Amino acid sequence: MLVSIIIKTLNEQDTIGLAVESALAALVAYDGEVIVVDSLSTDRTPEIAAAYPVTVLQLVREEDRSCGVGGELGYRQSRGKYVYMLDGDMELQSEFLESAIAYLETNENCAGVGGKVVERNLVGLEYISRERRRPEDASSNSVKSLPGGGLYRRQAIDQIGYFTNPNLHSYEELELGSRLRSHGWVLARLGMISVFHRSSTIGAYRLLGRKWRGHYFEGSGELLRSALGRRHLVSVLREANVYAISAGLATWVLLGLVVVGVLFGASRWAALGVGLLWLLAPIALMSLKKRSVKLGIYSMVTWSMGLVGLVRGFFRNSAIPTAAIASRELPKRTRENGH
């Protein structure tokens, strides 16, 4: 089999149909398969997916939910020479898959290739901020990781031991890229659209709350812990800017506490005023940098949650990435029953 497309889902009943149909359309010219991995959705996502000619796997335990578990579980079930990782709110472009396969066939040292992710619903502070951070729409035969998914070579994945780390609640693609490059493989990006992404339309702070409850902010700590003593540790520290941001924020807060503590003995009002200015200074700087007060405040809230999450994630219990994952395969349904 040439290509396996793994689709990760969690409560995506409004988009899973488009995701599956785009994957099936991309495989028309190839010997391939589609594997949907559902993280115990509470909506109709799994039954809609099961109405298509695909394999639907579902976690058994809610505590196993993570950003890395879907890719790894799907990979263990897959058979393709090449494996594409797709989110359930994305639409894969057939032209990209064709070009990605051709690229991997002619570049034997390349472990994976990605493209440009285009947001369908560019609303809310989170997605506006994310769009500004995306790489330019340009091809490159040497990138650090493939955010937004990509097509990977099974030979390379088998060499490094596992696909995506099931312990990670974020940064799973960065971790995968770091491990591949530490073993001598390269990653590439084509200057063309790979997927369209349907962004969530809920409010930015509601989205932050959802991420917090889903342990997303703990991913940086989990990533750091998983890389300790491994050859890709240096690249992880260098490429995940959350560590530099968290270190800077922690230092700023500690210095502020020291300054306020020193002033408090002389004048409580002076200590209060300096403390307030100390807190507002980084927000003001970020607002100027982003040319938006809303984005400046949002950045500081996100960074603060990231700092706390880093500490919590580092001490979070984790399993061996290759440990068994409790799952079940759902029976296929007719399209009439599925919709």
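**Surface patch and salt bridges**

Tyr205 is found in helix 8 (residues 204-213), helices being DSSP runs of H or I with at least four residues and strands being runs of E with at least two, numbered from the N terminus. The model is predicted, and local features need pLDDT of at least 70, side-chain atom pairs count only at pLDDT 80 or more, and totals for chains, interfaces and linings use all residues. Residues are numbered from 1 along each chain as its sequence is written, and side-chain values use heavy atoms, with hydrogens and water left out.

Tyr205 is partly exposed at 43% relative accessibility (buried: under 20% relative accessible area; exposed: over 50%; partly exposed: in between; 1.4 Å probe, protein chains only). Together with Val293 and Ile297, Tyr205 makes a nonpolar surface patch of about 280 Å². Patches are made of residues with over 30% relative accessible area and no salt bridge, with like charges joined within 9 Å and nonpolar side chains (Val, Leu, Ile, Met, Phe, Trp, Tyr) within 5 Å. Accessible areas come from the Shrake-Rupley method with a 1.4 Å probe; for residues, only the protein chains shown count as cover.

The structure holds 15 salt bridges (a side-chain nitrogen of Lys or Arg within 4 Å of a carboxyl oxygen of Asp or Glu). One of them joins Arg79 and Glu33 at 3.2 Å, N to O. Arg79 lies in the loop between helix 3 (69-77) and strand 4 (82-87), and Glu33 lies in strand 2 (residues 32-38), 46 residues apart. Arg79 is exposed at 56% relative accessible area, whereas Glu33 is buried at 12%. Glu218, Glu222, Arg312 and Arg316 are linked in a network of salt bridges.
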